[in-house]
Amino acid sequence: MHDNYFKYSPSVWIVPTLLIFLMWSVFYIDDSFNLHLAQLGIFPRTFSGLIGVVCSPFLHGNLNHLANNTISLFIFTAALIYFYREVSLKVLFYGVLLSGIITWLIGRESYHIGASGLIYVIFSFIFFKGLMSQYYRLVALSLTIISVYGGMFWYIFPDIENSISWEGHLAGLLTGFVFAVRFKTPDYKKATQYEWEKPDYNPEGDKFLERFDENGNFVNKPIEEEIEDYFTTNENITYNFKKSN
């Protein structure tokens, strides 16, 4: 698969924009009418708490929580769709479900809300999948993400900050790694530019390599051989002479 696999389309910004619009709409309605929708979050190991698996990514405790998740979700979702278009929707949809279920299993007895679990899913998938692909553009993307957002790894551990759901972060990280292993992507290869890069390349008869001796030293051919090689290489060229009046 060549570099032209990565193509921009409106979905790169439409999908994250729709997700963010839904998050902000839910927050506005909840705050305006005092609905206390946080009770629809994930409450671990209870039957009623399972509804939070689907609802929790769109619920936020305060404006600062929502604003922080908005920026990260937009960036990661846009990158996911641009670089991994074929599996992007699966990562988003199944990422919400699997990370939510893991949080429901391992979480503290409290309501877990926020899009950070999904953000960790995408972050983890892009990071690990890029390294596994060994494709220079995706590896560069992985290194860029880890250099800018590497601090996110600290928030998968307990007692870093009591007000955050480290369980949701850990669930998202594990989910993204599993998806990076399981979801198949194209066999990315850099486009071949030279004959010697092709798998069926035969070095015998290569005019350039003939200029090197057995020790790897460059050797100029005699002028007679240069002229002979030129006409041999261009023997199929035809010349048309226009008769002047």
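Predicted model: local features only at pLDDT ≥ 70, side-chain atom pairs only at ≥ 80, totals over all residues.

**Entry 1: the largest pocket**

I asked which helix gives the largest share of the lining of the largest pocket. It is α3, with 5 residues. I found that α3 and α5 each supply at least two residues of this lining. The pocket has a volume of about 700 Å³. I listed 25 lining residues, and His-65, Ser-116, Ile-164, Ser-165 and His-169 lie nearest the centre. I then sorted the lining by class: 15 residues are polar, 8 are nonpolar and 2 are charged.

**Entry 2: helix α3**

I turned to α3 itself. The helix covers residues 63-83, 21 residues in all. I read 30 Å from its first C-alpha to its last, close to the 30 Å expected at 1.5 Å a residue. At its N-terminal end I found a cap, Asn-62. A side-chain oxygen of Asn-62 lies 3.2 Å from the backbone nitrogen of Asn-64.

Next I checked burial. The buried residues of α3 include Leu-66, Leu-73, Phe-76, Leu-80, Ile-81 and Phe-83. Asn-69, Thr-70, Ser-72 and Thr-77 are also among the buried residues of α3. What covers them? I found that the cover of the buried residues of α3 includes α1 (11-33), α4 (85-106), α5 (116-133) and α6 (136-149).

**Entry 3: helix α1**

I listed its buried residues as Val-12, Pro-16, Leu-19, Ile-20, Met-23, Val-26, Phe-27 and Asp-30. The cover over these residues includes α3 and α4. After α1 comes Asn-34, and its phi is positive, near 50 degrees.

His-36 sits in the loop between α1 and α2 (52-55). Its phi is near 55 degrees, a positive value in a residue other than glycine. Is His-36 buried or exposed? It counts as exposed, because its relative accessibility is 56% and the cut-off is over 50%.

Arg-45 is found in the loop between α1 and α2. Arg-45 is not a glycine, yet I read a positive phi of about 60 degrees. The relative accessible area of Arg-45 is 43%, so I filed it as partly exposed.

**Entry 4: the second largest pocket**

I moved on to the second largest pocket, which has a volume of about 170 Å³. I listed its lining as Val-15, Leu-19, Val-54, Phe-58, Leu-92, Phe-93, Val-96, Leu-97 and Leu-118. By class I counted 9 nonpolar residues, no polar and no charged. Both α1 and α4 supply at least two residues each. The largest share of this lining, 4 residues, comes from α4.

**Entry 5: the cavity**

How many cavities of 30 Å³ or more are there? I found 1. The largest cavity has a volume of about 160 Å³. I counted 16 lining residues, with Ile-42, Ser-56, Thr-103, Gly-114 and Gly-117 nearest the centre. α4 gives the most, with 4 residues. I noted that α4 and α5 each supply at least two residues here. The lining has 10 polar, 6 nonpolar and no charged residues.

**Entry 6: two residues of α4**

I picked Ser-99, which is in helix α4. Ser-99 is buried, because its relative accessible area is 6%, and the cut-off is under 20%. Leaving out residues up to four places away in sequence, I found that Ser-99 touches Gly-117, Val-121, Ala-171, Gly-172 and Thr-175. One of these, Gly-117, is among the residues nearest the centre of the largest cavity.

Lys-90 is also in helix α4. Its relative accessible area is 36%, so I filed Lys-90 as partly exposed. With residues up to four places away left out, Lys-90 touches Gly-95, Phe-179 and Phe-183.

Note on methods
Residues numbered from 1 in each chain as written. Heavy atoms only, no water. Expected span 1.5 Å × (residues − 1). Buried < 20%, exposed > 50% of the residue type's maximum accessible area, 1.4 Å probe, protein only. Contact = heavy atoms within 4.5 Å. Polar contact = N/O pair within 3.5 Å; in protein donor to acceptor, adjacent residues only side chain to side chain. 1 Å grid on protein atoms, 1.4 Å probe; cavity = no way out; pocket = protein on both sides within 12 Å on 5 of 7 lines; lining within 4 Å. Points joined across faces, edges and corners; volume = space filled by probe spheres on them. Nonpolar A, V, L, I, M, F, W, Y, C, P; charged D, E, K, R; others polar.
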